[in-house]
Amino acid sequence: MDSWNEWVEQTLEKLESRKLLRSLRPIHLSDDNSHSNEFECFDGLRQWDRASVEVEISETTFQNWLQDIPFPGDDLGGSGVAYTEAGTSAGRFRKLILFSGNDYLGLSSHPSVIKAATQAVQKHGMGPRGSALICGYTNYHRLLESSLAELKSKEDCLLCPTGFSANMAFMTAVGNVSLLLAKDSQPSIDERVAVFSDALNHASIIDGIRLAEKQKSVAAFVYQHCDMRHLNELLTNCPMKKKVVITDSLFSMDGDFAPLVELVKLRKKHGFLLAIDDAHATFVCGKTGGGAAELFNCISDVDICIGTLSKAGGCHGGYIACSKKWKQLIQSRGRSFIFSTSTPVPIAAAAHAAVIVAKKEMWRRRAIWNRVQDFRDLTGIPITSPIISLVVGSEATALQASRHLLEFGFHITAIRPPTVAPNSCRLRIALSAAHTLDDVKNLTAALSQCINFSEIGFYCTSWNAARL
């Protein structure tokens, strides 16, 4: 990886010579709750955790969903009493158990997270409104970056407004390496960065690569999903010196892990920069919640770790955990970072609390992996993560199954094109630490009436016995 360090250094020198390096200058706001020992933690599931998996929808929304009527979502339901747990009418709303969200640890309703946001908004409102490079970067943002860098065992971290913008910023920064180091105004084919991307990577990675391709700064190579033989072949046959491999660590629509151990071996062989989108594994995987790289014991071999705080973090915002030099490059050339208003201060405060709580309340990780095991035991489907992808094929079948589950009180949406390929429509079920064994039992009982577990199409990898 010495070559990539040199290329980044040379790029930074070019930017400095052109007066294009940009700095983050934090505005100081008073903060009485910046220390981790001030966040209250708990040793097990509490009633408030259920708020992250229990939702209500109006009767109108329920009927429109049940009849598959296109609906703009403008029904606010009016006033009324919630439906009872049995689902019988007691007013204008129906109670559902949410199995389609990404709040894997149930932190969105945690008292310490709520308290951090509340205190910040009472003191500072939304905080300075502007991009991070102008006035939107505060000591709250810096504290969150430091906690994420520590969690990911990286030198530094850069906050972005969303996980989507984080991937976009990283890819445009990668493209700038070839643009700034090119001998002429446009890099030749050999001077461009070769980016190797898994076929099922998230749309934000794909769009970031497309933008860099449009600037003629990278050349994209797509390898078959998790196929290390195909990736090795592409790498071997690629004459370009600058190579980047980027992949989701835990795939959001299939629930399988990228083969990080094999990727690390290829990294040592080919010397590429390894970047992972750890959005769905952060806080969920590894002893401390460090993510997929911690789970597979390859933290030091992952060069760039991109993620979000809107999933297991229960909050909002994206981040890029990296070296200080990469941070300097991205904050100077990552357009989606530069030209976006920074995260509101209360959200940054809440997210920092979530990082601390997620690390300390290890029982939450044990709980969600217990639910994974419960689902395996009840269905016989060898799932490997809290993301369960039940591929049923046609759009009509997926919609019918979703409506069936709705009638039984479960919020699970059918996933259809363009999110997934035609004829691979599915039910995407997401487990949470806030779900109980009874929730999973009731769900699998309802599923068994519309899906044959022994025939269902699903993607899986071998069960990882060392998940925690």
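Start with the second largest cavity, which holds about 80 Å³ of space. A cavity here is a set of points on a 1 Å grid, over the protein atoms alone, where a 1.4 Å probe fits but cannot get out. The points are joined across faces, edges and corners, and the volume is the space filled by probe spheres set on them. The structure has 5 cavities of 30 Å³ or more.

Before you click further: this is a predicted model, in which local features need pLDDT of at least 70 and side-chain atom pairs count only at pLDDT 80 or more, while totals for chains, interfaces and linings use all residues. Residues are numbered from 1 along each chain as its sequence is written, and side-chain values use heavy atoms, with hydrogens and water left out.

To see the lining, select Ala-132, Tyr-137, His-141, Glu-145, Leu-158, Leu-159, Cys-160, Pro-161, Phe-337, Ser-340, Ser-342 and Thr-343. Lining residues are those with an atom within 4 Å of a point. Now colour by secondary structure: α5 (139-151) and β3 (156-160) each supply at least two residues of this lining, and β3 gives the largest share, 3 residues. Helices (H or I, at least four residues) and strands (E, at least two) are DSSP runs, numbered from the N terminus. Colour by class and the lining shows 7 nonpolar, 4 polar and 1 charged residues. For that count, Ala, Val, Leu, Ile, Met, Phe, Trp, Tyr, Cys and Pro are nonpolar, Asp, Glu, Lys and Arg are charged, and the others, Gly among them, are polar.

**Along α5**

Stay on helix α5 and pick Asn-139. Is Asn-139 buried or exposed? Asn-139 counts as buried because its relative accessibility is 18%; the cut-offs are under 20% relative accessible area for buried and over 50% for exposed, with partly exposed in between (1.4 Å probe, protein chains only). Leaving aside neighbours within four places in sequence, show Pro-26, Ile-27, His-28, Leu-29 and Asp-31, which are in contact with Asn-139. Contact means heavy atoms within 4.5 Å.

**A tyrosine in β5**

Next, jump to Tyr-223 in strand β5 (residues 218-223). Tyr-223 counts as buried, because its relative accessibility is 1%. Again leaving aside neighbours within four places in sequence, the contacts of Tyr-223 include Phe-196, Ser-197, Asp-198, Ala-199, Met-228, His-230 and Leu-263.

Most residues other than glycine have a negative phi, and most peptide bonds are trans. With that in mind, go to Lys-19, which is not a glycine but has a positive phi of about 60°. Lys-19 sits in the loop between α1 (2-17) and β1 (54-58), and it is exposed because its relative accessible area is 69%. Then select Phe-283, also not a glycine, with a positive phi of about 75°. Look for Phe-283 in the loop between β7 (273-277) and α10 (292-295); it is buried, as its relative accessible area is 1%.

For the peptide bond, zoom to Pro-417 and Pro-418: the bond from one to the other is cis, with omega near 10°. Pro-418 lies in the loop between β12 (414-415) and β13 (425-430).

**Two helices side by side**

Which residues of α14 meet α16? Select Arg-371, Asp-374, Phe-375, Leu-378 and Thr-379 in α14, then Leu-437, Val-440, Lys-441, Leu-443, Thr-444 and Leu-447 in α16. By class, this contact of α14 with α16 has 6 nonpolar, 2 polar and 3 charged residues. Helix α14 (residues 363-379) and helix α16 (residues 437-447) pack at about 35°, with their axes 10 Å apart. The axes are lines fitted to C-alpha atoms over the stretch in contact, and angles run from 0 to 180 degrees between N-to-C directions. The crossing is right-handed, that is, the near helix is turned clockwise from the far one by less than a right angle.

**Last stop**

Finish at Ser-385, in the loop between α14 and β10 (387-393). Ser-385 counts as buried because its relative accessibility is 0%. Beyond neighbours within four places in sequence, Ser-385 is in contact with Leu-250, Gly-255, Phe-257, Trp-369 and Val-372.

Note on methods. 1 Å grid on protein atoms, 1.4 Å probe; cavity = no way out; pocket = protein on both sides within 12 Å on 5 of 7 lines; lining within 4 Å.
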